[in-house]
Amino acid sequence: MFSHPQLQHLLEQYGRKMHVSQGTVLLEPGQFITVIPIVIKGCLRILRQNEQGDETFLYHIMPGESCAMSLTCCAMHKASEIKAIAEEETELWAVPIEQITQWESFKEWKDFIANTYQSRFNKMLQVIDDIAFKKMDERLWHYLEARSTAQQSNILHISHEEIAQELNIQREAATRLLKKLKETGYIETGRNEIKIIKKSLEA
């Protein structure tokens, strides 16, 4: 995970390696964070959830990455504002929050934290752009692409209800948009399954 021998030793000493199955919810809004995840294999899907339970997909945490939202909540001693779900079988390091500042003497660790914030900031800008400037079918396509890339598969086992929930739209709207993508040859659909045929919406 890190090239500095001492930093790697500390990670193995204080970190806890976890294996989580696909679909496992690791973090809910309102929970206080005691560890920071660093993904080794697989990936985590991050959602924003309001008080009414409405959700919006934000981004994925891929191998070698961590969660900036969790880091922010830890730094401010706030409860989690996100929901984290294992997109697939996932292996990760769970690093106790007290180690975050103690490892700042390592430039590699400081760079890792800085890059985490920068990467997530860019992802958040992309989410804002999707919501503010893109049509709903483009937003749906970006969501399907993101999950396909995360799972490294063009076949997604996902229901219309889950799509609607994570894009915060009506189920009927999700079904209508999926039908449009199917009719134009971008996807094929089955029972709780979507197969991506084309590589991009412009193809």
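Leucine 125 sits in helix H4, which spans residues 107-133, where helices are DSSP runs of H or I with at least four residues, strands are DSSP runs of E with at least two, and both are numbered from the N terminus. This is a predicted model, in which local features need pLDDT of at least 70 and side-chain atom pairs count only at pLDDT 80 or more, while totals for chains, interfaces and linings use all residues. Residues are numbered from 1 along each chain as its sequence is written, and side-chain values use heavy atoms, with hydrogens and water left out.

Leucine 125 counts as partly exposed because its relative accessibility is 38%; buried means under 20% relative accessible area, exposed means over 50%, and partly exposed lies in between, with a 1.4 Å probe and protein chains only.

Let me turn to the salt bridges, by which I mean a side-chain nitrogen of Lys or Arg within 4 Å of a carboxyl oxygen of Asp or Glu. A search of the whole structure finds 14 of them. One joins the side chains of lysine 17 and glutamate 91, at 3.7 Å from N to O, and since lysine 17 lies in strand E1 (residues 16-20) and glutamate 91 in strand E7 (residues 90-96), the pair ties together parts that are 74 residues apart in sequence. Lysine 17 is partly exposed at 45% relative accessibility, whereas glutamate 91 is buried at 12%.

Another salt bridge pairs lysine 134 with aspartate 130, at 3.1 Å from N to O; here lysine 134 is partly exposed at 36%, and aspartate 130 is buried at 6%.

Then there is glutamate 162 with arginine 147, whose side chains meet in a salt bridge at 2.9 Å, N to O. This pair links distant parts of the chain, with glutamate 162 in helix H6 (residues 160-167) and arginine 147 in helix H5, 15 residues apart. Glutamate 162 is partly exposed at 23% relative accessibility, while arginine 147 is buried at 5%. Salt bridges that share partners join Arg45, Glu87, Arg147, Glu162 and Glu166 into one network.

Finally, lysine 182, which has its place in helix H7, is partly exposed, with a relative accessible area of 42%. Leaving aside neighbours within four places in sequence, lysine 182 is in contact, meaning heavy atoms within 4.5 Å, with Ile187 and Thr189. The C-alpha atoms of lysine 182 and lysine 195 are separated by 9.6 Å, the two residues being 13 residues apart along the chain.
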